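Thanks for coming. I will take a few minutes to walk through one structure, starting with a helix and ending with a pair of strands.

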Amino acid sequence: MKQMSMFTGQCILGAIALVVGLCACSGTRSGSTLNSTSTNQARLSPAGAKPSWAPDITNNMQVVVEKLQSYGAPPIETLTPQEARKQPTPTKAVMDVMKANDIAMPAPMVDKSDRTISVNGANLPIRVYTPKNGNTANPMIVYYHGGGWVIANLDTYDPSAQALAEKTGSVVVSVHYRQGPEHKFPTAHNDAFAAYQWVHDNAASLKGNPDRIAVAGESAGGNLACNVSIMARDKGIKMPVAQLLVYPVANNDMNNESYTRYANAKPLNKPMMEWFAKHYLNGMQEAADPRISLVKANLQGLPPTIVITAQIDPLHDEGKMLMQRLKDAGVTTDYEDFKGVTHEFFGMAAVLPQAAEAQREATEFLMKRLK
């Protein structure tokens, strides 16, 4: 496929998050390396054989994928964006797996409130997660959900944002940006930065500390989080103190090894990538823009970063490449790669030991910088 038609940034269907611990370490993770506190999840049994695109997928991960496929939803890339936004998400699959296996949802440890903010010429929905600690100057995290800049919303990624708030003791502001094709590139990117500025300027009213704000995001949201840091640096605005980038969209090369190996993976595959690009970008030449292809951006001077990737994911290699580019640019960077799991695994801590471990790693990294 030619460079013009390569677009690796689509973060898809609902990043799933079902609370439980967050994290801190560096290196490749697999089920056998997790500590005892991360293995409390039920041992689930898949209904079928391992899929051809993931012979080494873990049993629990396979059960979630099987549940998602059981809904019989048409492939995202065959739908209109409006139709795609109504399809079952990985979040629903995890919740149904929990119900089927009598896995209880932990009681929330934060207060949640929805509101709308007027920024960048638009009214953007946000959801604020506030720790029940009585503090008036908590650290803060601005969180950006995934969905390829086309699908998903605050509800889809609610558990991920809630987990970050609970585990770090931070006020988390989850931002819903305008999406394509109704709002083409770079609308979502500009909305993300405007929302970050709003949070900084209004931190006190949110019981937060404007000097202790991190950014975080999954997939397309991970791309947005990194862009917010870059824009803050370039515009002379106070930068975030840290970034959490979970399988971020970071390159436009769809011929790399992970794209080839996991072209038919679930819940994210190569045809979906092209579909997201078609609906968000004004033309495929924009896939090479450094705001989409972060590995081509100037990354010098960015805040300490943790990059988390999943083995069974077309975006795996570009996440790893971004980590190396950040290190080459002198940015303090941690990297965690988790074996046997797919794109969207991070929020599945209620059923995946790897997700619980990934969340612990992220938490520990962020808390060191949010003190």
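Before the first helix, one term: the expected span of a helix is 1.5 Å times one less than its number of residues. Keep in mind as well that this is a predicted model.

With that, look at helix α10, residues 353-370. It has 18 residues, and from its first C-alpha to its last it reaches 25 Å, close to the 26 Å expected. How many of the residues of α10 are buried? The count is 14 of the 18, so α10 is largely enclosed by the rest of the structure.

Now the whole protein. There are ten helices and nine strands. Of its 371 residues, 62% count as buried. If you take the contacts with a separation of 6 or more, 80% of them are between residues 24 or more positions apart.

Next, charged pairs. Side chains of opposite charge can pair when their charged atoms come close. Searching the whole structure gives 14 salt bridges, and I will show three of these.

D96 and K92 form a salt bridge, with 3.2 Å between the closest N and O atoms. Both residues lie in helix α3, residues 90-100, and they are four residues apart, about one turn of the helix. D96 has 23% relative accessibility and counts as partly exposed; K92, at 36%, is partly exposed.

Next on the list is K112 with D158, whose side chains meet at 3.0 Å, N to O. K112 lies in strand β2, residues 110-119, and D158 in helix α4, residues 158-168, so this pair ties together parts that are 46 residues apart in sequence. Are the two partners buried or exposed? K112 is partly exposed, with a relative accessible area of 42%, whereas D158 counts as buried at 11%.

The last one I will show is R127 with D114, where the closest N and O atoms are 2.6 Å apart. R127 is in strand β3, residues 122-131, and D114 is in strand β2, 13 residues apart, so to speak of this pair is to speak of a link between distant parts of the chain. R127 counts as buried, at 10% relative accessibility. D114, in contrast, is exposed, with a relative accessible area of 52%. Through shared partners, salt bridges join K112, D114, R127, D155 and D158 into one network.

Now the nonpolar side. In soluble globular proteins, nonpolar side chains tend to be buried together. Here the largest nonpolar core has 68 residues. Which residues have the most contacts inside that core? They are Y144, W149, V173, Y196 and L299. Take Y144: leaving aside neighbours within four places in sequence, its contacts include V175, A192, Y196, V215, L224 and V228. Apart from this core lies another one, of 53 residues, with Y129, Y143, M348 and A362 among them.

Finally, the strands. Strand β6, residues 208-218, pairs with β7 in the parallel sense, over four bridges. One of the residues to look for is E218, whose bridge partner in β7 is V246. Strand β7 itself, residues 243-246, is covered on both faces. Q243 and L245 are on one side, L244 and V246 are on the other, and all are buried.

That is where I will stop.

Methods:
Residues numbered from 1 in each chain as written. Predicted model: local features only at pLDDT ≥ 70, side-chain atom pairs only at ≥ 80, totals over all residues. Heavy atoms only, no water. Helix = DSSP H or I, 4+ residues; strand = E, 2+ residues; numbered from the N terminus. Buried < 20%, exposed > 50% of the residue type's maximum accessible area, 1.4 Å probe, protein only. Contact = heavy atoms within 4.5 Å. Salt bridge = Lys/Arg side-chain N within 4 Å of Asp/Glu carboxyl O. Core = buried A, V, L, I, M, F, W, Y, C linked by side-chain atoms within 4.5 Å. Pairing = 2+ DSSP bridges.
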